[in-house]
Amino acid sequence: MEKKKQKATEIECKDRCPYHGNVSVRGRRFEGEIAKIVGQRAVIEWERIIYYPKFERYARLKSKLHAHVPKCLINEIKLGDYVEIGECRPLSKIIHFVLTKKIRSKEEKK
Ligand SMILES: [Zn+2]
């Protein structure tokens, strides 16, 4: 008799996570690169181009947001990865977003 134990390949996730936890994603969603990872927090950065009519020029501006990284995703992401974040309830003073998925890693072509 063989009992197949389904070993959890996924890490048990009791974190504030949109898939397993008590955080729901609603509101705005952004995509960007990971500029910094500090513990369970990641800084997401993306570039946007705006037009100044007065100078008839375009400018490249960068936007940054802090996002919470759930435990089930923290091993998948690295610096420079392209990810999606979604707005959730405020998790701390500066974190109102949670990382929802990884779109591609840094090495993959766009
Ligand atoms: Zn999770």
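The secondary structure of this chain consists of zero helices and five strands, where helices (H or I, at least four residues) and strands (E, at least two) are DSSP runs numbered from the N terminus. Along the sequence the pattern reads β-β-β-β-β. This is a predicted model, in which local features need pLDDT of at least 70 and side-chain atom pairs count only at pLDDT 80 or more, while totals for chains, interfaces and linings use all residues. Residues are numbered from 1 along each chain as its sequence is written.

The pLDDT, the predictor's confidence in each residue from 0 to 100, averages 88 over the chain, and 89% of the residues score at least 70. Over residues 3-9 pLDDT stays under 50, and the model has zero contacts there beyond four places in sequence. Two residues are in contact if their C-beta atoms, placed from the backbone, lie within 7 Å. Where pLDDT is low, the predicted coordinates should not be read in detail.

The five strands close into a barrel in the order 1-2-3-5-4, with mixed pairing. From one strand to the next the twist averages 45°; axes are lines fitted to C-alpha atoms, for helices over the stretch in contact, and angles run from 0 to 180 degrees between N-to-C directions. Two strands pair if DSSP finds at least two bridges between them. Some of the pairings are listed here.

| Strands | Sense | Bridges |
|---|---|---|
| strand 1 and strand 2 | antiparallel | five bridges |
| strand 2 and strand 3 | antiparallel | twelve bridges |
| strand 1 and strand 4 | antiparallel | five bridges |

Strand 1 covers residues 29-38, and strand 2 covers residues 41-52. These two strands form a hairpin with two residues between them, and Gly 39 in the turn has a positive phi of about 60°. Val 43 is the bridge partner of Lys 36 in strand 2, and Val 43 also has a bridge partner in strand 3, His 66. Glu 31 has Glu 84 in strand 4 as its bridge partner.

Val 69 lies in the loop between strand 3 (57-68) and strand 4 (82-87). Val 69 is buried, because 25 other C-beta atoms lie within 10 Å. A residue is buried if 20 or more other C-beta atoms lie within 10 Å of its own, exposed if 12 or fewer, and partly exposed in between, with C-beta atoms placed from the backbone. Beyond its neighbours within four places in sequence, Val 69 is in contact with Gln 40, Arg 41, Ala 42, Ile 74, Ile 77 and Leu 99. Gln 40 is 29 residues from Val 69 in sequence, yet the C-alpha to C-alpha distance is 5.2 Å.

Of the 110 residues in the chain, 15% are buried. Among contacts between residues at least 6 apart in sequence, 55% join residues at least 24 apart.
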